[in-house]
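Here are my notes for you on this one. Have the chain open beside you and follow along point by point.

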Amino acid sequence: MPAKKKSTSSGKAKQQDNQLSASSSTQDLVGSGLVTPGSPTLEGNFEGPPTKLADSSYLQGSDPEISGDGTDVIKSDGYLEDHRAYFGQRFAHFKRWVRDIELNEGGIDKFSRGYENFGLHVTDEGVRYREWAPGAREASLVGDFNGWDVGANPLTRNEYGVWETVVPNTASGEVAIAHGSHIKVTFVTDKGERVYRLPAWSRYVTQDLNKSPIYESVFYNPPHKYEFKHKRPVPPADLRIYEAHVGISSPEARVATFKEFTQNVLPMISDLGYNAVQLMAVMEHAYYASFGYQVTSFFAPSSRYGEPDDLRELVDTAHSLGIVVFLDVVHSHACNNVEDGLNQFDGTDHCYFHEGGRGRHELWNSRLFNYGHHEVTRFLLSNLRYWIEEFGFDGFRFDGVTSMMYKHHGIAYGFSGHYNEYFGGNTDEEAVVYLMLANYMCHKLYPGFVTIAEDVSGMPAMCRSVQEGGVGFDYRLTMSVPDMWIKLLKESKDEEWSMDHIAHQLTNRRYQERAITYCESHDQALVGDKTLAFWMMDKEMYTNMSDQTDLTPVIERGMALHKMIRLVTCGLGGEGYLTFEGNEFGHPEWLDFPREGNGSSFHYARRQFNLVKDEMLRYKYLYRFDKAMMHLEQQHKWLSAHDQWVTLKHEGDKVLAFERGGLVWIFNFHPTTSYTDYRVGAGWAGKYMVALSTDDHEFLGQGRIDHSTEHFSTPMEWNGRPNYIQVYLPARTAVVLRHSE
């Protein structure tokens, strides 16, 4: 993600913004018939004494699953006791939303199906078009079908700012708008200006750079829609996630396609043993170099990679391989574009976004959603349902959650861990409640659905259920872990690495809140940073990655640590594991999208999978190890295991050992010293055999670990465990032992 914005508002201005937000939100609900005048409301930013809303009879008919008061999270975290009133008020606000939706929209299921009513739809009578644009005075649907005549197909407006028209079928009964033809909506603004916009619910938009960089909305009504052939797999408890960007998933210097990803990359993901793929940059974005984080059309899969049906085929094929598919969702902000985005959609500054400074992210140059508005919430929740229902996604990774939840957006703000930082006046409660609604909807309607939060703040109860009073995510990303590895490689000699520090960072997770851990993601691959492989081997990757060249100390060290870092992170770091495509085999160089600053070059906007297939190169060894690690997890499922015991952190020996998933893990990070008969505590009596070693020849190791060796325990307490075993630990080697009997 780009850097976050530093707030420049004064405390008084912030307070006024909060009060105005609460007031305007309530007025909007009254105006739409959602609530009645005189209904109890929550004031400001939900500070101060609890309201009586939680006890109001208005909420009594709500979903029994959320019948509590939102304070159950306190039972397992006593530090939250001082914020009991806050949790009660926040939960009451959430329940108010649910109840309003139940009474006025027929429930969250119906409410979140806005994509079935808004936008363009083929009916028996013709093409129906519906759009919310409360700030417009006039509206017309124009396009190739009517010669762009603004008077041919005017829209009529209802009392809530929703415009509608039907383009009748032709005399012969054919759909009047041809598949693949261009369309727009044109508004006359309150100032009398005529503007042209892409429909907000557009499902397919295209760009012709030979004509203009601005996207055009295309009426997508193919004669034969892709039909899913395979049943959705249930997301597993032990997630092994392969993060990928379709456009860069080719060795060639161009934009790759959905079909190529399906044919070439999915089989590789399956071969490696990953059970989930997380797709980035799917929602349409006008600027390719934004990495998909400047969304312009939220309901349109990026046409750079092909047609919507090509994405459906990708997801369906993944399901046939037993791989679940997650979507990188960007609801934290929207692109600032006007002509092909949501900005100033109806001619006003505040249709989908907050008005004024609160609605702008100055560092990202983007717009910020008004999460407290009824129609904005409909749009966003329906957006989630659309990707699930229409394309079969099995989970979401929510981007930029920190920016959403805090008014300062996390910029120039160092979170110390003090709970007042999370539950004070800096928190944007409307955004937090929207996230609660999103998680509630996904989990209620799709049991087993997975939601992941990209949050650097460490907010407590982020990954506790909404019913308990949490925000409702299933996982958060352990964003401090890759920072730790980069910092160690940049600032410390190998012999200075602290085993205690590594173990602490990998296990520093909130109680009863699951985390997805990783050594490096797309963030570390971007230009301006380096991948772990490049930090360790740098320029020698250009000259010494062939088996025909000398195995230099730099390459030998880099290959050994690359394996060890991944193994200890996957083994100890979380309840799920993630890698970014290519990094599993030590992809060289960095990632840089075509832009003005690099001459619009695609040279670094690609993944060189051909390096693994070249048997003369050493990348194959890292690929083999990653595959062995994933398949070992598939067998022992330590990511979902509840046992985890760090048995040894020896700073002098540079040895770290722990137990997890019925396995004993031993890491010797010492750069030069090997140990014979090294004693390590063990929880189970009996025989131990080698399950995995980083030193095997097939992984470019020296083959110093004998897999046929039987290690028998001795019944004597060691490292706080009832038994010990003795093992041979070569320098810069990790070994995983399984309990045999």
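1. Start with strand 29, residues 723-729: five of its seven residues are buried, so the rest of the structure largely encloses this strand. "Buried" here means under 20% relative accessible area, "exposed" means over 50%, and "partly exposed" is in between, using a 1.4 Å probe and protein chains only. Strands (E, at least two residues) and helices (H or I, at least four residues) are DSSP runs, numbered from the N terminus.

2. Before going on, keep in mind that this is a predicted model, where local features need pLDDT of at least 70 and side-chain atom pairs count only at pLDDT 80 or more, while totals for chains, interfaces and linings use all residues. Residues are numbered from 1 along each chain as its sequence is written, and side-chain values use heavy atoms, with hydrogens and water left out.

3. Which strand pairs with strand 29 over six bridges? Strand 26 (residues 675-682) does, in the antiparallel sense. Two strands pair if DSSP finds at least two bridges between them. If you want a spot to look at, find Val 680, which stands opposite Ile 725 in strand 29.

4. Now go to strand 25 (residues 663-668). Six of its six residues are buried, so strand 25 too is largely enclosed by the rest of the structure. In a regular strand, side chains alternate between the two faces of the sheet. Here Leu 663, Trp 665 and Phe 667 point one way, Val 664, Ile 666 and Asn 668 point the other way, and all are buried.

5. What are the partners of strand 25? One is strand 24 (residues 655-660), antiparallel over six bridges, with Arg 660 opposite Leu 663. These two strands form a hairpin with two residues between them, and Gly 661 there takes a positive phi near 65°. Strand 30 (residues 733-739) also runs antiparallel to strand 25, joined to it by six bridges; Val 664 has Leu 737 as its bridge partner in strand 30.

6. Is Lys 654 buried or exposed? Its relative accessibility is 8%, so Lys 654 counts as buried.

7. Compare that with Gln 512, in the loop between helix 10 (499-507) and strand 21 (514-517). Gln 512 is another non-glycine residue with a positive phi, near 65°. At 43% relative accessibility, though, Gln 512 counts as partly exposed.

8. Next, the cores. In soluble globular proteins, nonpolar side chains tend to be buried together. A nonpolar core here is a set of buried Ala, Val, Leu, Ile, Met, Phe, Trp, Tyr and Cys residues joined through side-chain atoms within 4.5 Å. The largest has 177 residues, and Leu 279, Tyr 352, Phe 396 and Trp 485 touch the most other members. Helix 8 (residues 429-445) gives the most to this core, with eleven residues. Apart from that core lies another of 17 residues, among them Val 664, Tyr 678, Ile 705 and Val 727.

9. Zoom in on Phe 396. Leaving out residues up to four places away in sequence, Phe 396 touches a list of residues including Leu 327, Trp 387, Cys 442 and Phe 449. Contact means heavy atoms within 4.5 Å.

10. How do helix 4 (residues 258-272) and helix 15 (residues 619-636) cross? Their axes come within 8 Å and cross at roughly 60°, which makes helix 4 oblique to helix 15. Helix 4 brings Met 268, Asp 271 and Leu 272 to the contact, and helix 15 brings Tyr 623, Asp 626, Lys 627, Met 630 and His 631. For the terms: axes are lines fitted to C-alpha atoms, for helices over the stretch in contact, and angles run from 0 to 180 degrees between N-to-C directions. Angles under 35 degrees count as roughly parallel, over 145 as roughly antiparallel, 65 to 115 as roughly perpendicular and the rest as oblique.

11. Last stop: Val 554, in helix 13 (residues 553-572). Val 554 counts as partly exposed, at 31% relative accessibility. Setting aside neighbours within four places in sequence, Val 554 is in contact with Met 536, Met 537 and Glu 540.
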